[in-house]
Amino acid sequence: ARCPNSMASRSLIQSVDKLIETNLGQFIVVFVNTPITKGYQRLLSHAGCHGVVAADGSASRLLQQNPDACLDLVIGDMDSADPDTLSHFDSQPGCTVYSMKDQDSTDLQKALRYIYHPDKLSPSPRHPRLHVNPPRHVIVPGGLCGRLDHTLQALNIAYTMQPEIRISYWNDDNSVEILPSGGCQLQLNPEREGPHCGLLPLTGRALVKTVGLQWELEPTDELAMAWGGLLSTSNRVEGERLDVDTNIPLLWTVERKQTET
């Protein structure tokens, strides 16, 4: 497949740090059972935060950091959440504690199924906030640290959910997500992210054209990207805008600057 020439139909994607800067966009925050990103409170106070979900043991992590934490949902197989934590949030007005014993999906997948496909659950839930026009963007403050198999599964979830759902992993060191096939304009916040970055396919052979990198990519056979061949890592984004045209979805990763405590 050729790299599309999509200048006329380029979709706009604001990075998580850019969304916070502009206070635009809508999203749902989902915590998972990994260390929580510094400055996560800026997401919860954002005007576009449509809901806050904790997957299993992340509810205990969040409560330890903030005894006044408010959640809309705690979900998972409940094998790592502290019973006192579950009791605390179960008694919190507006919060639902929902147990799913399915061992073929991760707690993040359970949360996504609850939010976007409640009709596939039994009993079918109806949440007064999460199920009212939920935005198609999920931000995970963490999710990519610890065991490598967990990290690979997190990337796989983001890949399989796009383009229906955009999942952004927002960590202390990196911001990571899947860019859809076609053309997109990525808007960044240089004060908080960059310049080091990477663009790489998770599967298949990628023909990519970029405008805004120190080492630009061109959709040629010599610069086609694939595992076992060329991957664009340790590149540098040169400003607050990056244009990407690609024939297949790409993993985008950009370093985040240590500006928060």
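These legends go with close-up views of a predicted model.

**View 1. A sheet of 10 strands.**
The strands of this open sheet follow the order β5-β4-β3-β2-β6-β7-β8-β14-β10-β12. Their pairing is mixed. The edges belong to β5 (96-99) and β12 (232-236). Each has a single partner strand, so one of its sides is left without a neighbour in the sheet. From one strand to the next, the twist averages 20°.

**View 2. The pairing of β2 and β3.**
Strands β2 and β3 run parallel. Four bridges join them. Look for Val 30: Val 53 in β3 stands opposite. Strands of a sheet pair through backbone hydrogen bonds, in parallel or antiparallel fashion.

**View 3. Helices on the sheet.**
Helix α3 lies across β2, β3 and β4. It runs at about 110° to β3. Helix α6 also packs on the sheet, where it touches β7, β8 and β14 (250-256). The direction of α6 makes about 155° with that of β7.

**View 4. Where α3 meets α4.**
Two packed helices are described by the distance between their axes and the angle between them. Here the axes of α3 and α4 come within 9 Å. They cross at roughly 80°. An angle of 65 to 115 degrees counts as roughly perpendicular, and α3 and α4 are therefore roughly perpendicular to each other. On the α3 side, the contact involves Ala 59, Ser 60 and Leu 63. Their counterparts in α4 are Thr 85, His 88 and Phe 89.

**View 5. The buried residues of α3.**
Five names mark the buried part of this helix: Ser 58, Ala 59, Ser 60, Leu 62 and Leu 63. The buried residues of α3 pack against β2, β3, β4 and α4 (83-90). Ala 59 and Leu 63 also belong to a separate nonpolar core of 24 residues, which includes Val 29 and Phe 31 too.

**View 6. The largest nonpolar core.**
This core has 32 residues. Val 53, Ile 167 and Tyr 169 touch the most other members. At least two residues each come from β2, β3 (49-55), β4, α5, β6, α6 (148-161), β7 and β8. Helix α5 gives the most, with six residues. In soluble globular proteins, nonpolar side chains tend to be buried together.

**View 7. The surroundings of Val 53.**
Leaving aside residues up to four places away in sequence, Val 53 touches several others. Among them are Ile 28, Val 29, Val 30 and Phe 31. The contacts of Val 53 also include Leu 71, Leu 73 and Ile 75. Ala 111, Ile 115 and Leu 130 are touched by Val 53 as well.

**View 8. A sheet of four strands.**
This open sheet has the order β1-β9-β13-β11, with mixed pairing. Strands β1 (11-14) and β11 (208-211) stand at its edges. Each has a single partner strand, so one side of each lacks a neighbour in the sheet. The twist averages 20° from one strand to the next. Four bridges join β11 to β13 (residues 241-246), and the two run antiparallel. Val 211 stands opposite Asp 243 in β13.

**View 9. The salt bridge of Asp 172 and Lys 38.**
The structure holds 13 salt bridges. In one of them, the side chains of Asp 172 and Lys 38 meet at 3.4 Å, N to O. Asp 172 lies in the loop between β7 (166-170) and β8 (174-179), and Lys 38 in the loop between β2 (27-31) and α2 (41-44), so the pair ties together parts that are 134 residues apart in sequence. Asp 172 is partly exposed, at 23% relative accessible area. Lys 38 is partly exposed too, at 38%.

**View 10. The salt bridge of Asp 72 and Arg 129.**
The closest N and O atoms of this salt bridge are 3.0 Å apart. Asp 72 sits in the loop between α3 (58-65) and β4 (73-76). Arg 129 sits in the loop between α5 (107-116) and β6 (137-140). The pair links distant parts of the chain, 57 residues apart. Asp 72 is buried, with a relative accessible area of 8%. Arg 129 is partly exposed, at 34%.

**View 11. Further salt bridges.**
Arg 147 forms a salt bridge with Asp 149. Their closest N and O atoms are 2.5 Å apart. Asp 149 is partly exposed, with a relative accessible area of 42%. Elsewhere, salt bridges that share partners join Asp 17, Arg 42 and Arg 256 into one network.

Conventions: Residues numbered from 1 in each chain as written. Predicted model: local features only at pLDDT ≥ 70, side-chain atom pairs only at ≥ 80, totals over all residues. Heavy atoms only, no water. Salt bridge = Lys/Arg side-chain N within 4 Å of Asp/Glu carboxyl O. Buried < 20%, exposed > 50% of the residue type's maximum accessible area, 1.4 Å probe, protein only. Pairing = 2+ DSSP bridges. Axes fitted to C-alpha atoms, helices over the stretch in contact; angles between N-to-C directions. Core = buried A, V, L, I, M, F, W, Y, C linked by side-chain atoms within 4.5 Å. Contact = heavy atoms within 4.5 Å. Parallel < 35°, antiparallel > 145°, perpendicular 65-115°, else oblique.
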